[in-house]
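Visitor: I've got a structure to go through with you. Can we take it piece by piece?

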Amino acid sequence: MPMIRSLLTACTVTVLAASQLYATEARLVATGAGSDLQEDLEAASLALGAVEEGTTDGQELIAAAQADYQRMVAALYENGYFGGVVSIKLDGTEAADVSPLRRVASVNNILITVVPGPRYRFSRAQIAPLPRDAEPVEGYRVGETATTPVIRRAAQDGVDDWREAGHAKADVAGQDIVAEHANATVRSRIDLAPGPFLRFGRALLSERSQTSAVRQERILAIAGIPTGEAFSPQEVREAQRRLRRTGAFRSAVVDEAEVPNRDGSLDMIVDVEDTLPRRFGFGLELSSDEGAAANAYWLHRNLFGGAERFRIDGDVSGVGGDSGGIDYGLTAQLTRPAFLHPDNDARFRITLEHNDEPAYVSDLFEAIAGVQRYFSEDLTGEFGLGVRFARVEDAYGERNFNHVLGRGDLTWDRRDDELDPRSGYYTEVGAIPFLGIDGSESGARLSTDLRAFYSFSERFTLAGRVQAGSVLGASIEGTPPEFLFFSGGGGTVRGQDYQSLSGAIVAGQPVGGRSFLGLSGEIRAKVTDSIGVVGFVDYGYVSPDPDFSGGDDHAGAGIGGRYYTPIGPVRFDIAVPISGESGYGIYVGIGQAF
């Protein structure tokens, strides 16, 4: 046994010695280079990358080193150094002098030496012609640092300016770029060829698009290419966005025809690829006071062959919680894109709900027909008309609410990520005017939800939220309980019991308030790429009056953990009251709290 151990030790030492013997040492020395240039040069080197990955084959290292000459020079040019000197030595021999036919088993040492020299500046920076009022890109001016990215951006922006002016076939006609080493300057001239002014011509389908399950006339109606109007790249992008927004297509591309028509128009080729028509999904949230909440949906993306979306949602909440009984609901919604305008969606929605809340029990039916308008990529609005019938049992007894109502919403969403926002903001403003029938009162419910996000490093994010609402016109007794306001629980004040704060008490029971203000603040920190922690404070105020007077408030605070997954962070929060009732709350779900 001792002999066997000695042999194993000897073999191990031999293997380690061999790995050290054949290991390649690689260095890059950039005399006088700043940290940014040093990093760019190191990132550009194939030889350094190969050694870092453990490559030992001599031929591969020689090939990488010889390719690095061009890559080092390109990195210098991109940083404004046009007179640099590059030397790459393999075991003391210049890599350029090593014959590719010579077989080399290994390379022990790679030394890359770069002398950047002076940084060059533009002595001439011309680009012409440009459309009226167009300016060259910032940095492309005499006296500025001359870099190849700036020159490329100047050329591309010049072409883009002409395309935005209706010249779809604009291109670079020529360029004259000379580095003058005697005075460390660059003379640059870019010539543009605007081409003819063009209008949108016919919208045509590609061969693949003609086999789509979505009818051809509907594809073109959804794209909404404005035939006869001046060509605009923005309109092309909008057409692609409209097609993708339907969800019916895996890909959607709108290309220009190669050659304009004789009448000054340019045909557009629409190419789409269908996605699977059906989809389903589900979600789950847990709360110590509200219990478990589950939801699921089934979606058909092309119900009648016109990219109509039909979606059925079902949800159950309050399972095992202390927030009353079990709530459940079912919603069916049909959406038809390109209704009277390419940026309009017609929507028809039917909702059935049973709500067993601490303050009331209700059964309701609601049917709404409306239009959603996409004003821009970030701004949407929706308006609908419908009817609502509800039977309610609460502190006032058993009552019926019958209404004709409208629903209006305006949403401005500039978040960088819906489930885990780190920057941007979200604004939603809603109004529900309701007209009573069969003796029910009339009024209006107004609400807003404002959120903002700011990251001051890669690891830390500040998040803030303001919620507010008010019921106008109707009394508390004459307002459907679902339209009144409560505070407490995961959606308002964590650490307080669900709907524990109410604007009014009748016969010892909460009935809700006619105005509400909620404030939430969080600081989110990423400990690692997959683990994060959160600290938060929530505040809620509910008043029986629509002018926010004479109300009560409460607050809660806590900490939480986040586990980041490809579908969003898994959230775990624990909170306690800091004013109001005593107790605690635990909340688990997918995505940030807001």
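Visitor: How many bridges join E5 to strand E7, and do they run parallel or antiparallel?

Guide: This is a predicted model, to start with. In it, 7 bridges join E5 to E7, residues 185–193, and the two strands run parallel.

Visitor: Which residue in E7 is the bridge partner of Arg-121?

Guide: Thr-185 is the partner of Arg-121.

Visitor: What is the strand order in that sheet?

Guide: The order is E5-E7-E6. The sheet is open, has 3 strands and shows mixed pairing. Its edge strands are E5 (121–128) and E6 (171–180), each of which pairs on one side only. From one strand to the next, the twist averages 5°.

Visitor: Which helix lies across E5, E6 and E7?

Guide: That is H5, residues 148–164. H5 runs at about 20° to E7.

Visitor: And what sits in the loop between E5 and H5?

Guide: Pro-129 lies there. Most peptide bonds are trans, and most residues other than glycine have a negative phi.

Visitor: Which residues go against that on phi?

Guide: Ala-307 is one of them, with phi near 65°. Ala-338 also has a positive phi, of about 55°.

Visitor: Where are those two alanines?

Guide: Both are in loops. Ala-307 is found between strand E12 (291–300) and strand E13 (309–319). Ala-338 lies between strand E14 (327–337) and E15.

Visitor: Is Ala-307 buried or exposed?

Guide: Ala-307 is buried, at 0% relative accessibility. Ala-338 counts as buried too, at 13%.

Visitor: You mentioned E15. How many bridges join E15 to E16?

Guide: There are 13, and the strands run antiparallel. E15 covers residues 344–356 and E16 covers 360–374. A hairpin joins the two through 3 residues. Arg-347 has Gly-370 in E16 as its bridge partner.

Visitor: What about E16 and E17?

Guide: They are joined by 15 bridges and also run antiparallel. E17 spans residues 379–394. E16 and E17 form a hairpin, with 4 residues between them.

Visitor: Switching to charges. How many salt bridges are there?

Guide: The count comes to 41.

Visitor: Which residue does Arg-187 form a salt bridge with?

Guide: Glu-180. The closest N and O atoms are 2.7 Å apart. Arg-187 is partly exposed, at 27% relative accessibility. Glu-180 is partly exposed as well, with a relative accessible area of 24%.

Visitor: Which side chain meets Arg-208 in a salt bridge?

Guide: Glu-273 does, at 3.4 Å from N to O. The pair links distant parts of the chain, 65 residues apart. Arg-208 is in the loop between strand E8 (199–205) and helix H6 (216–223), while Glu-273 is in strand E10, residues 265–274.

Visitor: How exposed are they?

Guide: Arg-208 is partly exposed, with a relative accessible area of 39%. Glu-273 is partly exposed, at 28%.

Visitor: What is the distance between the closest N and O atoms of Glu-273 and Arg-250?

Guide: Those atoms are 3.3 Å apart, and the two residues form a salt bridge. Glu-273 lies in E10 and Arg-250 in strand E9 (residues 249–256), so this pair ties together parts 23 residues apart in sequence. Arg-250 counts as exposed, at 52% relative accessibility.

Visitor: Which residues are linked in a network of salt bridges?

Guide: One network links Glu-285, Arg-494, Glu-522, Arg-524, Asp-538, Arg-562, Arg-571 and Asp-573.

Visitor: Last topic, the surface. Which residues make the nonpolar patch of about 680 Å²?

Guide: Leu-419, Val-527, Ile-531, Val-533, Tyr-563, Ile-567, Val-570 and Ile-590 make that patch.

Visitor: Take Val-527. Where does Val-527 lie?

Guide: Val-527 lies in the loop between strand E26 (515–526) and strand E27 (531–543).

Visitor: Buried or exposed, that Val-527?

Guide: Val-527 is exposed, with a relative accessible area of 53%.

Key: Residues are numbered from 1 along each chain as its sequence is written. This is a predicted model: local features need pLDDT of at least 70, side-chain atom pairs count only at pLDDT 80 or more; totals for chains, interfaces and linings use all residues. Side-chain values use heavy atoms; hydrogens and water are left out. Patches are made of residues with over 30% relative accessible area and no salt bridge: like charges are joined within 9 Å, nonpolar side chains (Val, Leu, Ile, Met, Phe, Trp, Tyr) within 5 Å. Accessible areas come from the Shrake-Rupley method with a 1.4 Å probe; for residues, only the protein chains shown count as cover. A salt bridge is a side-chain nitrogen of Lys or Arg within 4 Å of a carboxyl oxygen of Asp or Glu. Buried means under 20% relative accessible area, exposed over 50%, partly exposed in between (1.4 Å probe, protein chains only). Two strands pair if DSSP finds at least two bridges between them. Axes are lines fitted to C-alpha atoms, for helices over the stretch in contact, and angles run from 0 to 180 degrees between N-to-C directions. Contact means heavy atoms within 4.5 Å.
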